[in-house]
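Hi,

Here is the structure I said I'd pass on. Have a look first, and my notes follow below.

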Amino acid sequence: MLLTYDTPIQYMTGVGETRAASLAKLGINTVGQLIHHYPRGYQFRGNIKPLASAQPGEVASFMLIAATEPMVSTLKRGMTVCKLRAFDESASCEITFFNQPFMKDVIRKGGEYRFWGKLTNEYGKLTLASPVVEPIVENKPLPNLVSVYPLTAGITQKLLSKLVMTALNALILRPDALVETLPEDVRKENDLCTLAYALSNIHFPPDFETLAIAKRRLIFEEFYNFILGAGKSNNNDTSTAPTLANTDITPLLDCFSFELTGAQKRAVCDIAADLSGTKPMRRLVSGDVGSGKTAVAAAAAFIAANNGCQCALMAPTEILATQHYSDLEPLFRQLGFECRLLTGSTKASERNKLLSGLADGSVQLVIGTHALISEEVKFSSLGLVICDEQHRFGVGQREALLAKAEKGNITCHQLTMSATPIPRTLAMFLYGNLDMSVLDELPPGRQKVKTFVVNEGYRERLNGFIRRQRDEGHQVYVVCPSVEEAESGEMSQEDIRLFDYGYDAEEIINSHMPPKAATTWVKVLEESLPDLRFGCVHGKMKASEKDSVMRKFAAGELDVLVSTTVIEVGVNVPNATLMIVENAERFGLSQLHQLRGRVGRGNAPSCCVLVSDTMQDSRAHKRLDVMRTTYDGFKIAEFDLGERGPGDFIPSGDGDVRQHGELKFRLANLCEDMELLEAAVKAAKKTLAES
Ligand code: ADP
Ligand code: MG
């Protein structure tokens, strides 16, 4: 059958239903998605060494002749080891394969093979443990660079590589099947190779230079398309919004028990200037945890109310909405305004009262979850929409709320607040259509949350530490990466082999060890600390159940709260002094920074302990170590951006601004590829201007 971009993957020879299901887990449903499933790395097997001249511990290729037939013996617990001897002109060595008994059939005595792996030398005894084996075939040179793909259970490197090869051969030979996606002039002006060339060489590069050429083109295109998508969505906006002329917030400031920080004052000034104009405000307030965004939001809401407009503040979770409500309601009541809460668990009678209050204008400020966008919610004069933690909402949800204010060409002002400090470069890129105020100053008197990275060996001491917090009258958060215990995936042969010579061993182990789950971990802790009071919250609970546990914790009726990241956002329990994060390597640094921000909110010294069994010298461990030494959310965000890409910062949810495909860049790295980004911005702007 003729393969096309859109051919479902199960119709490829050698795929079928089971493998198609596995491939789907990698996001591969069609042939087109397959050829855009790029390698995550490359093994350089062109480094061919004679056995005698390799450094101990060096990973290299060795061209060896098998001197013996491979012998398989069974070890304990069904493990097997397959051994043989092999030699080249310089020396001989032993080759061992763990749990790969089939190697017996792969290698023949007298045959010549390329072995790629780590050569160890113990007292003169040379050993290659579980190398990759490739038979040497006449007239068929072996590739120097071999792609390593992200995998899932049931899919091996070999299979993926074969499928990609088949797909590429089928598509590239037919120009109608693989259409060039960049305009000719853009390609020429920026010195970029064709799509066909890029795809062939990202998967099967003959050398590093060619790989770089392929990558450059694909990264450029990712940026280019992203910006085109963004540019189209906020073109020619001619709408207007109510002018809120009275921007005096002295009455509100008099209600605060503190003086605004310089950064807060600047943000409020920016907002006041926006609101008193006729153009709708589109402002993003970006500030670290605890930088005081709520006070800034309150100022905006106050200006709206004071000018006869209503304001809606939308928070992503019920916990957070409730917290905002309990912070702001007393203030607004004192100022003579009506403030109400609307969530999924608002009682019908209260809800009806609230709905009529919004419709007749007697309620000035409504705080809520996405319950606010339900159809029955109608405003008499909605002038300002505030979204807290904007990246948690899809644009669809925000637009739905904004639509409640729209009459013809008139819309309302919009303020979004992000507690994920967003690096400026990225913010400009993602929120090109938003003005930005940065809260880069924390209120005075904040203490650093001392941070430690420990492994399982510290478990006993950690439990003692939890108890001590309780004895001192404080509380503890424990965060786990998942809700329920999942079954561990099986290791594939391929994985074991990679694992054996430490190739990304960590990633492989982690993908096979089930992460700690809140629901089971809380039981383990309860057993170790039977005299403490535990609670558990996670995203699979009903909002009302979650709320009741949270309330108990906030009231000091629980000593330890075990949770998933549902507590990440905004929760405020100043009496909590210890934050423990289990499987910390599974979290983004920005996320860890958010979690850490849950403690250190009171006067008592506070700690954050990141528990991770990653190895000291591993990349994962070094990432975590950034948390120990860095307390500036913006710096952490920048580090995260370089390491993990912008995925964590990009708004998720339904109907996003940038409608096209995955928002995570596959290849591009916003920190490393700044120059290409700039070139792509230029090209995209030109394209937009010409269209
Ligand atoms: P976030 O930016 O994380 O949303 P919040 O708005 O929740 O931060 O503020 C965190 C805490 O700091 C709150 O208890 C708030 O009352 C307090 N706060 C805010 N601004 C100031 C300030 N200028 N001086 C002192 N405390 C402040
Ligand atoms: Mg907040």
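**What I found**

In this predicted model, six strands make up an open sheet, ordered E17-E22-E21-E18-E20-E19, with parallel pairing. Strands here are DSSP runs of E with at least two residues, helices are runs of H or I with at least four, both numbered from the N terminus, and two strands pair if DSSP finds at least two bridges between them. E17 (450–454) and E19 (534–537) are the edge strands, each with a single partner, so one side of each has no neighbour in the sheet. From one strand to the next, the twist averages 20 degrees.

E18 (475–479) and E21 (576–581) pair in parallel over five bridges, and Tyr477 sits opposite Met579 of E21. Helix H15 (459–471) packs on the sheet and touches E18, E20 (560–563), E21 and E22 (607–611) (contact means heavy atoms within 4.5 Å); its direction makes about 155 degrees with that of E21. Angles run from 0 to 180 degrees between N-to-C directions, with axes fitted to C-alpha atoms, for helices over the stretch in contact. Helix H20 (589–596) also packs there, touching E17, E18, E21 and E22.

Elsewhere, H10 (293–306) packs with H11 (318–334) at about 45 degrees, axes 11 Å apart. Thr294, Ala298, Ala301 and Phe302 of H10 meet His324, Asp327, Leu328 and Phe332 of H11.

On conventions: residues are numbered from 1 along each chain as written, and chains are lettered from A and ligands numbered from 1 in written order. Local features need pLDDT of at least 70 and side-chain atom pairs 80 or more, while totals for chains, interfaces and linings use all residues, and side-chain values use heavy atoms, without hydrogens and water.

Cheers
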